[in-house]
Amino acid sequence: MMAEEEAKPLAYIPEVILKKRKKRDELVLLRKKQLELGNNGKKKRKVSNIKRPEDLVLEFRAKELDLVRLKQRIKKPKSSPLKLKSHLLFIIRIQGKNDMHPKTKKVLYSLGLRSVFTGVFAKSSDGLLRKLLKVLPYVTFGYPNLKNVTELIYKKGYAKVDNNPVPLTDNIIIEQALGRYGIISMEDLVHEISKVGPHFVEVMKFLGPLKLSKPEGDCLHGRKQVFSEGGDSGNREDQINDLISKMH
């Protein structure tokens, strides 16, 4: 008989293959657990994202009611002459989402207020007052002082260049856009806005809507009544400065 054959050495398996096998085995175990739990490895759709028919009906009714109230505000004799004591206003959008009629949203967009807690400077005019009446439950406004005008421009101000936001980090940006009007620096911007100068419109086209911070505390309660009657909306006159200081 031949001599007993020597034991053959084990075949060499590269470390990479061993790691792949281990990972595959872990995935098999995970898949088994998922099947046992009954979720089949699929993410469950959030129920909160699904609108029920009754929700859609309520949303539609809210929008129609908003349109009716918009028309009523314009027709009311007592609300038509909104008395303003300043040529400069600062308008803040404080409400409005699914309960707004498309016509209300269109007016807000024309003011530059596309989202809640954005603010814009505006020059008082009959046309502006008509717009404010239409969107009164969703905005608050008043007369900003020089301190807040300055801080808003320096902290929140940015330019719109080719529809892109550009931070005001260099006076060259201002000079290139507004130099022909004699406005070449941040100080000139603040002066033109605070004094409602002859080139106020050009300055506002240059600046984008200011994105404010949500105020802390109890300064906003979510009530659509006018400020003079204990609500949040409408004309705050000089008291708008208290709200601005909590939002920039």
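Mentor: Start with the term: a salt bridge is a side-chain nitrogen of Lys or Arg within 4 Å of a carboxyl oxygen of Asp or Glu. A search of the whole structure gives two of them. This is a predicted model, where local features need pLDDT of at least 70 and side-chain atom pairs count only at pLDDT 80 or more, while totals for chains, interfaces and linings use all residues. Residues are numbered from 1 along each chain as its sequence is written, and side-chain values use heavy atoms, with hydrogens and water left out.

Take Glu151 and Lys147. Their side chains meet at 3.2 Å, N to O. Both sit in helix α5, and because they are four residues apart, about one helical turn separates them. Helices (H or I, at least four residues) and strands (E, at least two) are DSSP runs, numbered from the N terminus. The relative accessible area is 21% for Glu151, which makes this residue partly exposed. Lys147 has 52% and is exposed. The cut-offs: buried is under 20%, exposed is over 50%, partly exposed is in between (1.4 Å probe, protein chains only).

Now look at the rest of α5, residues 146-156. Asn148, Val149, Leu152 and Ile153 are buried. Their arc around the axis is only 130°, so they share one side of α5. The arc is taken from the directions from the helix axis to the C-beta atoms. Leu146 and Lys155, along with Lys147, are exposed on the other side. What do the buried residues of α5 pack against? The partners are β1, β2, α7 (186-194), β6 (210-211) and α9 (240-245).

Pairing here requires at least two DSSP bridges between two strands. β1 and β2 are joined by five bridges in the antiparallel sense. Gly119 in β2 stands opposite Ile92. Phe90 and Phe121 are both buried.

Glu237 pairs with Lys85, and their closest N and O atoms are 3.4 Å apart. This pair links distant parts of the chain, 152 residues apart: Glu237 belongs to strand β7, and Lys85 to the loop between α2 and β1. Glu237 is partly exposed, at 30% relative accessible area. Lys85 is exposed, at 65%.

Stay in that loop for Leu84. This residue too is found between α2 (53-75) and β1. Its relative accessibility is 22%, so Leu84 counts as partly exposed. Which residues does Leu84 touch, leaving out those up to four places away in sequence? They are Leu89, Ser124, Leu129, Phe141, Tyr143 and Asn235. Touching means heavy atoms within 4.5 Å. Take Leu129 from that group. Leu84 and Leu129 are 45 residues apart in sequence, and their C-alpha atoms are 9.1 Å apart in space.

Glu151 and Lys147 pair within α5, about one helical turn apart. Glu237 and Lys85 join distant parts of the chain, a strand and a loop.
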